[in-house]
Each structure stands twice: as C-alpha cells, then as structure tokens.
Amino acid sequence: MKKVILAIDIGSSSIRCTAYSVDQVSKSVEIEGVPGCSASITRTSVEPNTGKINLLHGAGDEGILKSVDHVVNSVLSKLRMTSSNKNSNSSLFQVIAVGFSSFVMNLVAVDDRGKLIGKDASISYACNSAEAINV
C-alpha cells in the first residue's frame, strides 16, 4: 500500500493541496510528489485595503474551509484514479499525515470568551482594521 502525505497550503492568493509518496528505503525515507496529484483554487483570501482574512467568504462565496475541502477532495480523487489504473493491491494508498501551512504571522481575533470578533475576525501581517485593533 502506498503511503501518502497531503500538504495543504492556505495562501493569500490561492489554496493548494499536493500529495507526496513516502517510501522507506533501507535506513532512509524518500518523499516525492505524486505526479498529477495536486489541486489549486485561486482566491483572494486577504482584503487588500484592510489586511483582514476572509474566513467565511471569498471566491464564489466559498469560505476558506470549503476551498480546503474542495482541493483535498480533488487530490484524493486523483489518488483513487491513479490507484484504480493499476491492477495490484499494492497500488492502494493510505494517507499517513496531513501538513498545513497558512499565511505568514496571522491571528484570529476573539473576545474574552473565545468567540470570533466580527464576521471577519482575523489579523494578518497587513491588518489595519479598526474592528480588530480597537479590541
């Protein structure tokens, strides 16, 4: 069974997912991208004037989580297609790890009870929103 790591990158201009195969050879581990098993959605996730992160809306009114779900599902479908094109049980895959990266130096603004402040409660490296700054 092929061991796979999914890498998910939530960026300011797109959301991406890539599958990497993991093979242990002797005492070392080899990791390489699975050909054709990546997906990306172009979307504006950071407001250009305020620096606020669009948590709940964005490209096509899909929030960040829906966009992540979409690219992950796309990559898993591609992995299934790759596996089904081979006639061996060893071509099946198992996701053994998921890695996330996101915007550089960001915070999500919450009140003293841990609830989001406002509908776009985030502070990015470029934030100048009075709603988040005045809390």
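Guide: Here are a few labels, each set against the rule behind it. Please keep in mind that this is a predicted model.

Visitor: Why is Val-95 called partly exposed?

Guide: Buried means under 20% relative accessible area and exposed means over 50%, with partly exposed in between. Val-95 has 33% relative accessibility, so it counts as partly exposed. You will find Val-95 in strand 4, which covers residues 93-101.

Visitor: What makes Val-95, Val-98 and Phe-100 a patch?

Guide: A nonpolar patch takes residues with over 30% relative accessible area and joins their side chains within 5 Å. Val-95, at 33%, is therefore above that cut-off. Together with Val-98 and Phe-100, Val-95 forms a nonpolar patch on the surface, with about 270 Å² of accessible area in total.

Visitor: How do you know that strand 1 and strand 2 pair?

Guide: Two strands pair if at least two bridges are found between them. Strand 1 (residues 2-10) and strand 2 (residues 14-25) have eight bridges, so they meet the rule. Their pairing is antiparallel. Ile-10 stands opposite Ile-15, and Val-4 stands opposite Ser-21. A hairpin of three residues joins the two strands.

Visitor: What makes strand 2 and strand 3 a pair?

Guide: The rule asks for at least two bridges, and 11 join strand 2 to strand 3, so they pair as well. These strands run antiparallel, and Cys-17 has Ala-39 in strand 3 as its bridge partner. Their hairpin has two residues between the strands, and Ser-26 takes a positive phi near 55° there.

Visitor: Why are strand 3 and strand 4 said to stand at the edges?

Guide: Four strands form an open sheet in the order 3-2-1-4, with mixed pairing. Strand 3 (28-42) and strand 4 each have a single partner strand, so one side of each is left without a neighbour in the sheet. From one strand to the next, the twist averages 20°.

Key: Residues are numbered from 1 along each chain as its sequence is written. This is a predicted model: local features need pLDDT of at least 70, side-chain atom pairs count only at pLDDT 80 or more; totals for chains, interfaces and linings use all residues. Side-chain values use heavy atoms; hydrogens and water are left out. Patches are made of residues with over 30% relative accessible area and no salt bridge: like charges are joined within 9 Å, nonpolar side chains (Val, Leu, Ile, Met, Phe, Trp, Tyr) within 5 Å. Accessible areas come from the Shrake-Rupley method with a 1.4 Å probe; for residues, only the protein chains shown count as cover. A salt bridge is a side-chain nitrogen of Lys or Arg within 4 Å of a carboxyl oxygen of Asp or Glu. Buried means under 20% relative accessible area, exposed over 50%, partly exposed in between (1.4 Å probe, protein chains only). Axes are lines fitted to C-alpha atoms, for helices over the stretch in contact, and angles run from 0 to 180 degrees between N-to-C directions.
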